[in-house]
Amino acid sequence: MRKLIKLKKDISIVFNTQITEFLNPDEVYLPIKKNYKLLVKKGEEILKGQIIIENNLNKVISPISGIIKDIEIKNVDGNKASCLVIQNDFKEKNKNYIRKKEQKFDKEIIVSKLYEYYFKYIASVLETKKINNLVISGIEDEPYIANNVYVVTKFSKEILEMADILSTTFNIENTLIAMKSNDTKGVETYLAKMGTYPNLALTLVDDKYLLGKSFFLLEYLNLKDLDTLVIDARTLLDIYNALKYNKFVHETFITISGPSVSRSQVIKVKIGSKIKDIIDNSIKVKGKDNLYILNGLMTGHECDINETVVTKNTLGVVIVPKEDIKESKCIGCGLCFKVCPVKVNPKKAMDSHKISNNCIDCGLCTYICPSHINLRRFLRGEYE
Ligand code: SF4
Ligand code: SF4
């Protein structure tokens, strides 16, 4: 069993009765990836749910109705990319969102719907493997990100229903809802509701870093990768909406948090929204001299919020006073080596300019370093 460590909790997420939403951006920006074909032209009116970009295998669906405005370069998942700009008409005119209350599911229907709504990996696992363990993960590791914790708690009805449908339809012996034992609100919610789902069990894990990653979670739970499927709570909610309501993934949950935020929050946002628009509409930022770190302090990176757009992979933004993470000289404390789960010595990599192939880029050494040295940079061989 690899070494896992306990981190100081830095975030307390506000569970408002109402879900905080930012679902009416003026514009959305959708990346046009290499070898994808644009199916619309400037000035064209489009519907929500309309296919606007595609290649042989994938399709990009518009999350809003509106008018095709232009193409602009934006930051997408850490890289610059050409994005199609759609101006919102705020009418949410739908292409194929048909609300069906009840639906009978069998293996074939579920697998074909999972393919149709772009959950291809999960569809292929369920189609080709005999799964004995299904783990629904409500665990988040990044100290300033809480999307899965929020979704598993706030949408317990949907999570339980969908986990039960998958468990019974695919005859899965062991279906677990995994949560950290100190996520009190979520644990209480599930303890009150689990009784009506005899196929499901709640499993509580320690509050240790890296359990949010499937590999470490399976090792911790003593389960084998071969016959186990792990689905995080955010994805299971998307699957619920696709299977029950024929809904493509137009929205996602991101966390805006950090020392420069008065109330850390998980916000439901439209895919393609600009991070700056979300922050301006939903969050009060303290101070002026801040850094905006996309996707958390462990594995994230600084971003220009005016140029960065939300994708399905976006976890959130941590807002930190520049002064708090100013880099200084190494003090030789050895903490970076002490915390590394795979026994790499990051200081040695920094000093010797030798990359370690064992590094799993978990970001723990960088997060823990009292001198705020970006050790991940050296571990990737970026010495300039
Ligand atoms: S980023 Fe690499 S070197 Fe640093 S703690 Fe993680 S595995 Fe170890
Ligand atoms: S944690 Fe930071 S300060 Fe301590 S030895 Fe490693 S690089 Fe140096």
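Which residue in β14 is the bridge partner of T255? Select V266: that is the partner of T255. Before going on, note that this is a predicted model, in which local features need pLDDT of at least 70 and side-chain atom pairs count only at pLDDT 80 or more, while totals for chains, interfaces and linings use all residues. Residues are numbered from 1 along each chain as its sequence is written, chains are lettered from A and ligands numbered from 1 in the order in which they are written, and side-chain values use heavy atoms, with hydrogens and water left out.

**Stop 1: β14**

6 of its 6 residues are buried (under 20% relative accessible area with a 1.4 Å probe, protein chains only; exposed is over 50%, and partly exposed is in between). Q265, I267 and V269 point one way from the strand, and V266, K268 and K270 point the other way. In a regular strand the side chains alternate between the two faces of the sheet.

β13 (251-257) pairs with β14 in the antiparallel sense over 6 bridges; to count as paired, two strands need at least two DSSP bridges between them. β1 (21-22) runs parallel to β14, joined by 2 bridges, and F22 has V269 as its bridge partner.

**Stop 2: the open sheet**

Next, show β11, β10, β9 and β12: these 4 strands form an open sheet in the order β11-β10-β9-β12, with parallel pairing. The edge strands are β11 and β12 (228-232), each pairing on one side only. From one strand to the next, the twist averages 25°. Zoom in on β10 and β11, joined by 6 bridges, and find K180, whose bridge partner in β11 is V205.

**Stop 3: α5**

Select 184-193. In this helix, G186, V187, T189 and Y190 are buried. They sit on the same side of α5 because they cover an arc of only 160° around the axis (taken from the directions from the helix axis to the C-beta atoms). What covers the buried residues includes α3 (147-154), α4 (156-169), β10 (174-180) and β11 (200-205), with contact meaning heavy atoms within 4.5 Å. α5 lies across β10 and β11, running at about 150° to β10 (axes are lines fitted to C-alpha atoms, for helices over the stretch in contact, and angles run from 0 to 180 degrees between N-to-C directions).
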